[in-house]
Amino acid sequence: QVQLVESGGGLVQPGASLRLSCAASGRASGNLAMAWFRQAPGKEREYVAAISQSLGWTSGNTYYPDSVKGRFTISRDYAKNTVYLQMNSLKPEDTGVYYCAGRPVGVVFNPGRYDWWGQGTQVTVSS
């Protein structure tokens with residue numbers, strides 16, 4: 001069993017940055033495909049970043065939708081067994097509850113295919 005715990009959300013102004021953390025336990029996060037999703041009120045959960053399992057000496061391939069490409073970065077810290085989401089140049093439309101998720105193998109963009117989820121952390125971008 002894998003447990004995921006997110007942290008780092010908050011209220012920020014447009015243009016600001018935030019870094020979300022997802023601490024994993026029960027399995028090394030490097031052995032999992034991990035992703036960040038967000039859900040705004042009244043909207044479906046959408047993926048904002050994903051990273052494949054570690055490949056040899058690399059930390060895995062990363063994936064982003066066009067809406068966040070160039071602004072968001074997903075990364076891993078093996079020592080801390082933590083996955084991060086660095087969010088820069090935040091916009092009001094980035095507001096939502098952010099969830100990290102994991103699955104044993106292979107990045108997919110459908111939230112229904114992830115096995116493990118964190119409890120979510122609120123991000124609000126507003127002036």
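Here is a quick tour, from the overall build to the nonpolar cores.

## Ground rules

This is a predicted model, where local features need pLDDT of at least 70, side-chain atom pairs count only at pLDDT 80 or more, and totals for chains, interfaces and linings use all residues. Numbering starts from 1 along each chain as its sequence is written, and side-chain values use heavy atoms, leaving out hydrogens and water.

## Strands and overall size

You'll find 11 strands and zero helices here; these are DSSP runs, E of at least two residues for strands and H or I of at least four for helices, numbered from the N terminus.

The C-alpha trace spans about 40 × 30 × 25 Å along its principal axes. The radius of gyration is 14 Å, which agrees with the value near 14 Å for a compact globule of 127 residues; it is taken over C-alpha atoms, and the globule rule is 2.2 Å times the number of residues to the power 0.38.

## Inside the protein

Of the 127 residues, 45% are buried, meaning under 20% relative accessible area with a 1.4 Å probe, protein chains only. A nonpolar core joins buried Ala, Val, Leu, Ile, Met, Phe, Trp, Tyr and Cys residues through side-chain atoms within 4.5 Å.

The largest such core has 26 residues, and Leu4, Trp36, Phe72, Ile74, Leu85, Met87 and Tyr98 touch the most other members. Strand S3 gives the most to this core, with four residues. Apart from it sits another core of seven residues, including Phe37, Tyr47, Ala101 and Val108.

Key. Buried means under 20% relative accessible area, exposed over 50%, partly exposed in between (1.4 Å probe, protein chains only).
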